[in-house]
Amino acid sequence: MHETSIAVGFLNSLSQMADRERAKKVVKVRVRIGKLSGIVVDSFKFAFDSLKGEYPKLKETQLLIEEVPVRYRCNDCGTEFEVETVYFPECPSCSSINLTLISGEELEVIDAEIEV
Ligand SMILES: [Zn+2]
């Protein structure tokens, strides 16, 4: 399951961050996951919770996930819009398919609460 390796990478960098900040533990971490990132949120959360016990500072870390919708900007008329389906999106105002992806691919930390 590819969420497991993503969760391991994420836990490793979170644990390094905790060391850098001289934290005793990380209480909470909020992340943003785009719908196009290819990450299944439930699987990621499950992997995170089952692996965090191996990291002394992350044993009790609560993971909060915000899902980011897929947003495009139309290069012809400038309209920004969200789509539910990522197949063949087109601009709702002018039907152009000349689009730039603005969000939906991210996996990023919004913030973390640590105890020092
Ligand atoms: Zn347009």
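Q: Which elements do the buried residues of H1 pack against?
A: This is a predicted model, in which local features need pLDDT of at least 70 and side-chain atom pairs count only at pLDDT 80 or more, while totals for chains, interfaces and linings use all residues. Residues are numbered from 1 along each chain as its sequence is written. Helices (H or I, at least four residues) and strands (E, at least two) are DSSP runs numbered from the N terminus, and contact requires C-beta atoms, placed from the backbone, within 7 Å. The buried residues of H1 have as their packing partners E1, H2 and E6.

Q: Which residues of H1 are buried?
A: A residue is buried with 20 or more other C-beta atoms within 10 Å of its own, exposed with 12 or fewer, and partly exposed in between, with C-beta atoms placed from the backbone. On the other side of H1, the exposed residues include His-2, Ser-5, Gly-9 and Asn-12. The buried ones in H1 are Ile-6, Ala-7, Phe-10, Leu-11, Leu-14 and Ala-18.

Q: Within what arc do the buried residues of H1 fall, seen down the axis?
A: The arc is taken from the directions that lead from the helix axis to the C-beta atoms. The buried residues of H1 line one face of the helix, because seen down its axis they fall within an arc of 135 degrees.

Q: What does H1 reach from its first C-alpha to its last?
A: Helix H1 covers residues 2-20, and has 19 residues. The expected span is 1.5 Å times one less than the number of residues. The helix comes close to the 27 Å expected, since its reach from first to last C-alpha is 27 Å.

Q: Which residue just after H1 takes a positive phi?
A: Helix H1 consists of residues 2-20. Just after H1, a positive phi of about 50 degrees is found at Arg-22.

Q: Is Asn-12 buried or exposed?
A: Asn-12 is placed in helix H1, and its C-alpha is separated by 14 Å from that of Asp-49, which is 37 residues away along the chain. Because Asn-12 has 12 C-beta neighbours inside 10 Å, it counts as exposed.

Q: Which residues of H2 are buried?
A: On the other side of H2, Asp-42 and Ser-50 are exposed. The buried residues fall within an arc of 100 degrees seen down the axis of H2, so they line one face of the helix. What covers them includes H1 and E2. The buried residues in question are Phe-44, Ala-47 and Phe-48.

Q: With which residues is Tyr-55 in contact, leaving aside its neighbours within four places in sequence?
A: Tyr-55 belongs to the loop between H2 and E2. Because 16 other C-beta atoms lie within 10 Å, Tyr-55 is partly exposed. From Ala-23, Tyr-55 is 32 residues apart in sequence and 13 Å apart in space, C-alpha to C-alpha. Once neighbours within four places are set aside, Tyr-55 has contacts with Leu-11 and Ser-15.

Q: How many bridges pair E1 and E6?
A: Strand E1 (residues 25-34) pairs with E6 in the antiparallel sense. Within this pairing, Val-29 has Ala-112 in E6 as its bridge partner. The number of bridges between E1 and E6 is eight.

Q: What is the handedness of the β-α-β crossover from E1 through H2 to E2?
A: Strands E1 and E2 run parallel and are joined by seven bridges. Val-31 stands opposite Ile-65 in E2. Right-handed means that, with the strands pointing away from the viewer, the path from the first strand over the helix to the second runs clockwise. For the crossover that leads from E1 through H2 to E2, the hand is right-handed.

Q: Which residue in E4 is the bridge partner of Val-70?
A: Three strands, in the order E4-E3-E5, form an open antiparallel sheet. Strand E3 (residues 70-74) is joined to E4 by four bridges. In E4, Val-70 has as its bridge partner Val-83.

Methods:
Pairing = 2+ DSSP bridges. Contact = placed C-beta atoms within 7 Å.
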